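Thanks for coming. I have one structure to go through today, and I will take it piece by piece.

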Number of protein chains: 2
Amino acid sequence: MNEPIAARIDIGGILDPRSVAVFGASDNTDKFGGRIIYYLTRHGFPGHVLPINPNRDTVRGLPAYPSIAAAPGPVDVAILAVPPQALLDAVAECAAAGVGACVIMTTGFAETGDAAGAERQRRLVEIARASGMRIVGPNCMGLIAPRAHMALTSSLVLEIEAIRQGRVGLISQSGALMVSIFNRAHDAGIGFSACVSLGNQSDLEICDVLDWMIDDPGTDIICLYVEGLVDGARFFRAAARAREVGKPLLMVKTGRTEAGVRAARSHTASLAGSYRVFAAACRSLGVLLTDDPDGMVRAADLIRRWPRPPGAGIGVLSPSGGGSGIGVDRVSEAGLRVAELCAATKGKLLQVLLPPQADNPIDLGGRRSGDSVGVAGQCAAIMAGDPDVGIMFIVLTTVPFYEATTKALAEAALASGKPVVVAVTPGSAADGPRRVLREVGCPYFDTVDDGLRALRLLTARHESLALPPAAERPAGPAPAGPPPAAGRLTEPEAKALAARYGVPVTRETLAASADAAVAAAAAIGYPVVLKGVARALVHKSDMGVVRLGLADAAAVRRAFGAVEAILRGDLSVGAFEGCLVQEMARGEAEVILGIRRDPQFGPVVLAGMGGVLVEIADDIEVAPAPLSRAAARAMLGRLRFWPVLAGVRGRPPLDVDALVDAIVALGWLAVDLGDRLVDLEMNPVFVRAAGKGIVAVDARGEIAG
Amino acid sequence: MNEPIAARIDIGGILDPRSVAVFGASDNTDKFGGRIIYYLTRHGFPGHVLPINPNRDTVRGLPAYPSIAAAPGPVDVAILAVPPQALLDAVAECAAAGVGACVIMTTGFAETGDAAGAERQRRLVEIARASGMRIVGPNCMGLIAPRAHMALTSSLVLEIEAIRQGRVGLISQSGALMVSIFNRAHDAGIGFSACVSLGNQSDLEICDVLDWMIDDPGTDIICLYVEGLVDGARFFRAAARAREVGKPLLMVKTGRTEAGVRAARSHTASLAGSYRVFAAACRSLGVLLTDDPDGMVRAADLIRRWPRPPGAGIGVLSPSGGGSGIGVDRVSEAGLRVAELCAATKGKLLQVLLPPQADNPIDLGGRRSGDSVGVAGQCAAIMAGDPDVGIMFIVLTTVPFYEATTKALAEAALASGKPVVVAVTPGSAADGPRRVLREVGCPYFDTVDDGLRALRLLTARHESLALPPAAERPAGPAPAGPPPAAGRLTEPEAKALAARYGVPVTRETLAASADAAVAAAAAIGYPVVLKGVARALVHKSDMGVVRLGLADAAAVRRAFGAVEAILRGDLSVGAFEGCLVQEMARGEAEVILGIRRDPQFGPVVLAGMGGVLVEIADDIEVAPAPLSRAAARAMLGRLRFWPVLAGVRGRPPLDVDALVDAIVALGWLAVDLGDRLVDLEMNPVFVRAAGKGIVAVDARGEIAG
């Protein structure tokens, strides 16, 4: 593939072109080209529109040209939905005619999964790179640029009066989802700064558009629908920059579960599968992940309005006990925190509500006086004023004086300045209240599901504002030592590498003979553990080459002989390298710690509940490396296993500080190993009581060449 | 509270009355009584309507009566939304006038949470029970009886042209949710056989209506919204009967999480909290639980249409890669199974689709030929014909020839006879396709969330058809022995009780003196374990009264002395009863087994991952007792811990049969203990390799008086 020469046009130019050529333009809106030129002219694009059609003199009253070469140029953007067999020639003509960029809707390229499709895409990119012409697509649904009054798409979702302008940017790999999302958002009154579908990302890719939107003063918040990233590291750099400039990034990533299914069931892969790593990295950068594209855009609109939600506690209010019951259960089940009202708030609520209803959730059905509209407004104001209420969630059921009550609730809640999310549970019976909500500018959703998704994203946004500080390399001299050799590490090699960075490991000596083992044991102190060492050895215990509790020299000597016999008898484990003589360590709990390099997303650290049941427990957290002490502690705090570390049921708190030190140190080890890291894993690491430290008892690893 | 005398009217009579009296009836629809009589007359109730209003001669052209006593009677049903202070007198007048039932919307009764409200409700019930008059409510929203063309409610959701008749029954504790659900269902074209809100369930309760609907030939399927059941055991009897007659029961139960929060954090309570028990019992009876009332009714309509879904494998199809990607991720994340297409199906798909798209999920974007409408229909037919596809899930995005494609997809999928669920992702742009879907009678949802909920319930319905057989008491002589004394059981007492039913426990002897302990140890064989016994002793290990690995008589004697000193020195644990001398048991894994009696739902068995981390692992399943071997095995199979039992990573399969025996035996123990059971828990139970059995190592329990 050729290196690109200087680009003829940038993203901003593509989204606001002076001229657009439409291949296959006709007056027939049953055809792709016919619809494209129809929508382009219908929505008032003020630039120059050039229909390309050898069989027409005019299209929609505009002079048509038999070819791009015959059209007055150079043209900024050409859009092509021509048949596959004609596409490459048309693109080559565009390149020759000086076209700035081609938007290609035609399919039949890399997405076919066959060699012919891949070859067609290679030739397409070759043409583009050789000329500096940019490509959007192929296999995309074009783009919509509201500020330029321009739709470059054949999708019937453009059958609307006018394209709404807004400040949400949308980047979608899928063309079909881009137009579905656009249509839903349009119906909900949400406009975009720009919508771009990238399809196969053959030339321009998601991050090109993302970088542009981060700099675009007309875009406040960015939504992404992504199937696969061309360059994971570039994406994370962009995400970090978006965070710096204060533009929230929301994202739906598919392949969450397919990735898991396809991933090799190797040990490490199953512990830190690709989506898990991706999600952890996103969390550390404040990228807000969700699962529904429409819900993402609705939530983006909320976050645009309340970019700094003041808290993550949810206040739930409903006109009915049923609504408040549904609301509070769903909020809790979604892992969100139901706010705890302070005594002052409860006292105020008790003036107007009966005791069972004067708390979170509020059920307005329990009011003392008869002025239901007034009480509704009062209650909303009181609850929204509570310091622990960061977001108000109103589950609206029918009620007498429905519109007036809705108005009172919404206005009082909005007056607090805090985010307000309303879920309207009835159907057409709530058309009036929906109108009222629109009039007072209060966000609402027609399902509790959608409301919850918005709550989750608002909460995630709040939490992303308090992300741990960036990692700083611990003070003191840098770890020193020769670089590890490529290939699998034996247990003592893996431990030595970790120990260089300050991770405590068992006292141990690699003994090449029984005599050496006995001498080592005497130095370490009985009882000792003896473990066979061979480079390709994986499940030591299963092979019977781990001997615990050896109490004297005779036992060590016998064990050495037995282990040596086993390993020398099994060629699959590689050469016998001796036995590791090790102190008998003890601890209160077993954890797993590890690092690995994700091919897409770089170095990560993992930590979780360890021991032989590590895969069954499946209680592992992942974070990108390096990480700060605060991030390491937060990672441990997310484990189900956390109460064991923190101390439960009379058990003492364990040495979390020492674990945090080790996690931070491993993060830097991962960074320093760079591309050479495959993985390094220590399991079990024994954790002792607070102040007593930790010790890695077993380890394995692999280094690339 | 008085015992009721013979009821004057049954539920059927209340839902199809000859006459209805409306208290506070007026021509003013701003008033409760005014709206009630307006909706009653507007929807064509053919019976006798009697407005009760001392200030009017006529209401809506009907003769009005100053009091119920003055009205021609006896009246079948009176509906009252009068002020609280007038309510009891009005109800007493109804009772005196021979009214069959009062539907009471007035609030201010038990739901206030104070003594005055409770007392008002007590008097209300007293009046009813003394007369045989029935009460619906108070604090309800009335009822809707479409077959009688009757709405007895003040809710504005009755502002519709006509009440749809249907075959779904709806019972809602919350009045507000009943009308919200009714309204959403109405908008979706779904009608009801009857909708009843029960409010405080002061007299008629949820199960009264449920029993009636189970017998009602006009009701095919029943939806319930429940906050609390008056009589859990009665509900389960009704659920069993519904299952026998083949009427599916769907249910939203609130208080799922509140229950957890409020539940005492005692050991057993946290392991088998009330909702968990309830959900387990529901699962065993085929009751389909969900979390959204509207989604419940939509799903009920689907299940009514496809009462026997042929499988639980989901076939996912979309016109676009984005739609199929979203669909398959969400299906997997919801815990549903993506169907595995057979070779024949894939072969047929390869005729029309490219290889990457010719599998589940199907992305129609990868078609070979240009006839997109024809290919869509072909693909839907081929996928729906696959034997592993039990349910079709179509994620509809925009596409050229949108309506024709939608029609082809829906018709082909429906022709298979299998359930079809469509999620329409665009908004107004899909209005045409939505119309087409309605025309061909294909169910669709406007959100993937709603579609998924329907898929989950269809899948649950399929699985409920294959529930394990009823439990049968194991053959052989019934366990014999004296009934246990009331109070806490010591470890040996708890084990002896379980052992009577065949649960293997450690060989052990309770020794009152050091000499007796030494003799017992000699009989059992060294090494032994010695444990202090005292009735109020809970965390033995934490107190240092468990001594492991005692190798000889001297060690036993020393341990006895030390344990006795500790226990005699701590009055809180109760009298020292001696030391239990016990074999040193071994096993490959530790489980917890237990039984308890839930005050609402009766006896249950619990089984899960055991050991000291039982609460951290939180991997416990619960099932109602007694249970069959198949049910016990299914319960184990649901544990995350299951792979350890089944054998993982070269570890041998463990003795699951012995565990199943123990679970079944414990179920019968729970049944036989009846009301006397509080709880009995064994942790750890060591599980050995297959064929080697299990052994309960520790146990505790409590028996009621």
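In what order do the seven strands of the open sheet in chain B run? Before I answer, note that this is a predicted model. The order is S9-S8-S11-S10-S12-S13-S14, and the pairing is mixed. The edges are strand S9, residues 150-152, and strand S14, residues 288-290, of chain B. Each of those two has a single partner strand, so one side of each is left without a neighbour in the sheet. On average, neighbouring strands in this sheet are turned by 20 degrees against each other, ignoring direction.

As background, strands of a sheet pair through backbone hydrogen bonds, in either the parallel or the antiparallel sense. One pair from this sheet is strand S10, residues 165-172, with strand S11, residues 192-197, both of chain B. They pair in the parallel sense, over six bridges. Ser172(B), for instance, has Ser197(B) in S11(B) as its bridge partner.

Next, a helix pair. Helix H3, residues 84-96, and helix H4, residues 115-131, both of chain B, have axes that come within 10 Å and cross at roughly 5 degrees. Angles under 35 degrees count as roughly parallel, and H3(B) and H4(B) are therefore roughly parallel to each other. On the H3(B) side, the contact is made by Leu88(B), Val91(B), Ala92(B) and Ala95(B). H4(B) brings Arg120(B), Arg123(B), Leu124(B), Ile127(B) and Ser131(B). By type, the residues of this contact are six nonpolar, one polar and two charged.

Now the two chains together. How is chain B laid on chain A? A turn of 180 degrees and a shift of 0.1 Å along the axis does it, with an RMSD of 0.2 Å. The two copies are thus related as by a two-fold rotation axis.

As for the interface, 63 residues of chain B are in contact with 63 residues of chain A. Several helices of chain B each supply at least two residues to the side that touches chain A, among them H5 (175-187), H8 (256-262), H12 (321-333) and H17 (448-464). H12(B) gives the most, with ten residues. That side of chain B divides into 22 nonpolar, 26 polar and 15 charged residues.

Why can we say that the copies meet through the same surface? Because 98% of the interface residues of chain B are also interface residues in chain A.

That is what I have; comments are welcome.

How values were computed
Residues are numbered from 1 along each chain as its sequence is written. Chains are lettered from A and ligands numbered from 1 in the order in which they are written. This is a predicted model: local features need pLDDT of at least 70, side-chain atom pairs count only at pLDDT 80 or more; totals for chains, interfaces and linings use all residues. Copies are superposed by least squares on the C-alpha atoms of residues with pLDDT of at least 70 in both. Two residues are in contact if their C-beta atoms, placed from the backbone, lie within 7 Å. Two strands pair if DSSP finds at least two bridges between them. Helices (H or I, at least four residues) and strands (E, at least two) are DSSP runs, numbered from the N terminus. Axes are lines fitted to C-alpha atoms, for helices over the stretch in contact, and angles run from 0 to 180 degrees between N-to-C directions. Ala, Val, Leu, Ile, Met, Phe, Trp, Tyr, Cys and Pro count as nonpolar, Asp, Glu, Lys and Arg as charged, and the others, Gly among them, as polar. Angles under 35 degrees count as roughly parallel, over 145 as roughly antiparallel, 65 to 115 as roughly perpendicular and the rest as oblique.
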